[in-house]
Amino acid sequence: MPKLNENYLNLKESYLFSEIAHRVNSYASAHPDKKIIRLGIGDVTLPIGSKVISQLHEGVDALANAETFKGYGPEQGYAFLREAIVDYYMRNNIVIEADEVFVSDGAKSDTGNITDLFDKDNVILIPDPVYPVYVDTNIMNGRNITYIDANAENNFLPMPDHSVHADIIYICSPNNPTGAAYNKEQLKEWVDYALENNAIILYDSAYECFITDETLPRSIFAIEDSKKCAIEFCSLSKTAGFTGTRCGYTIVPKDLSFTASTGAKLSLNAMWNRRQTTKFNGVSYIVQKGAAAAFSVEGMAQCKENIKYYQENARIIAEGLARKNILYFGGINSPYIWFECPNNMDSWDFFDYLLNNAQVVGTPGAGFGKNGQKFFRLTSFGNRENTIEAIKRIEKLF
């Protein structure tokens, strides 16, 4: 009989979004006449831009001819995409190198898989509330987690406690689920804390494209000395509408090296490269052609048009909540609006109340941690008509 990974017993019974889907499907089956508006899962609704589409087609056509056919590609990503990402960062005044970029099928995969590089015996520091993948993947590996409180008092932007030691620190900015975004001074304090503790920051910048405040950093690498202590994850899911196409990347600076128990120096860049070449066969050539187009000047301009549409949706939601004097966060530099459940309701109770009385689906804050128990998340990724209708329905309830 095999010995199983019994750490799975410590996970919640089901993944947050699976439970949401189960409740919504049950309601829909019982009420087929009701129109349900889904503003829960952060899935985009606008089509991919024409520049990207043309390059996806070019990638498909290349596979139809022996002269241009592509089989296995480099596990780290084709050079043309890695260079396109480098150029994109350069346009944002950040210098990275192509061999520090690793192309993947998305930030969700990489933020989970990166734990392969680290021993079980590390102090993991994670904000609460937080994207569940950070927590669940560490629980799967049997690690103990130290939580740091994010709450309304600190605007859901917790700062380091220098009396507490950490080895691995998770930061997401702009944040999922709260929409809060760190400024440069706050991130510099986190970088200083990481260097003080000889720790690693795992920085999720999946929503950087939603930042409109030019004073806010769009990458951890905008902060001095961050290449000595940080790995950055990003995704085209929200930037270019690749939620179904699947493409992201991870930046592992070559400056990141630590001393092993044997005294040998280990490079995290080399370790991640070894991990990827062993466990990952790379992203398809077709998808990478489209991704490179998204990072071009023309492609990014088209991406930003879609993003502006979602930003307007966020404004509509936020203004509706403000009219009802409901405390909310996010919605400006983020596609997410995080608000306090009315009438002091628990978030799952509010989820059921909203579904049953307004047929609007959001995400209960409790699914992101104990500090989300009284909060709720809506996304701006619906279409305009549904977004307007959803906020009208919510306003009628309160």
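**Reading salt bridges, helices and sheets in a predicted model**

Mentor: Lys51 counts as partly exposed, at 25% relative accessibility. Buried means under 20% relative accessible area, exposed over 50%, and partly exposed in between, with a 1.4 Å probe and protein chains only. This is a predicted model, in which local features need pLDDT of at least 70 and side-chain atom pairs count only at pLDDT 80 or more, while totals for chains, interfaces and linings use all residues. Residues are numbered from 1 along each chain as its sequence is written, and side-chain values use heavy atoms, with hydrogens and water left out.

Trainee: With which residue does Lys51 form a salt bridge?

Mentor: The term comes first: a salt bridge is a side-chain nitrogen of Lys or Arg within 4 Å of a carboxyl oxygen of Asp or Glu. Lys51 forms one with Glu298, and the closest N and O atoms are 3.8 Å apart. Lys51 lies in helix 2 (residues 50-62) and Glu298 in helix 9 (residues 297-323), so the pair ties together parts that are 247 residues apart in sequence. Helices (H or I, at least four residues) and strands (E, at least two) are DSSP runs, numbered from the N terminus. Glu298 is also partly exposed, at 46% relative accessibility.

Trainee: How many salt bridges does the structure hold?

Mentor: There are 18. Another of them joins the side chains of Arg315 and Glu312, at 2.4 Å from N to O. These two residues stand three apart in helix 9, about one helical turn. Arg315 is partly exposed at 35% relative accessible area, and Glu312 is partly exposed at 27%.

Trainee: Which residues are linked in a network of salt bridges?

Mentor: Glu19, Arg23 and Asp352 are linked in this way. Arg23 has a relative accessible area of 26%, and Glu19 has 22%.

Trainee: What describes two packed helices?

Mentor: Two packed helices are described by the angle between their axes and the distance between the axes. The axes are lines fitted to C-alpha atoms, for helices over the stretch in contact, and angles run from 0 to 180 degrees between N-to-C directions. In this structure, the axes of helix 1 (residues 16-30) and helix 10 (residues 347-358) come within 11 Å and cross at roughly 30°. The crossing is right-handed; that is, the near helix is turned clockwise from the far one by less than a right angle, anticlockwise being left-handed.

Trainee: Which residues in helix 1 meet helix 10?

Mentor: Contact means heavy atoms within 4.5 Å. Leu16, Glu19, Ile20, Arg23, Val24 and Tyr27 in helix 1 meet Trp348, Phe351, Asp352, Leu355 and Asn356 in helix 10. The residues of this contact divide into seven nonpolar, one polar and three charged. Ala, Val, Leu, Ile, Met, Phe, Trp, Tyr, Cys and Pro count as nonpolar, Asp, Glu, Lys and Arg as charged, and the others, Gly among them, as polar.

Trainee: Which strands does helix 10 lie across?

Mentor: Helix 10 lies across strand 12, strand 14 and strand 15, running at about 50° to strand 15. These strands belong to an open sheet of four, in the order 11-12-15-14, with antiparallel pairing. Strand 11 (328-330) and strand 14 (363-364) stand at the edges with a single partner strand each, so one side of each has no neighbour in the sheet. Two strands pair if DSSP finds at least two bridges between them. Strand 12 (residues 336-340) and strand 15 (residues 375-379) are joined by five bridges, and Trp338 stands opposite Arg377 in strand 15.

Trainee: What order do the strands have in the open sheet of seven?

Mentor: The order is 2-8-7-6-5-3-4, with mixed pairing. The twist averages 25° from one strand to the next. Strand 3 (residues 124-128) and strand 4 pair in the parallel sense over five bridges, whereas strand 2 and strand 8 pair in the antiparallel sense over four. In strand 8, Gly248 is the bridge partner of Ser104.

Trainee: Where do the side chains of a regular strand lie?

Mentor: In a regular strand the side chains alternate between the two faces of the sheet. In strand 2, Val101 and Val103 lie on one side and Phe102 and Ser104 on the other, and all are buried. Helix 3 (residues 79-91) lies across strand 2, strand 7 (230-235) and strand 8 (248-251), running at about 115° to strand 2.
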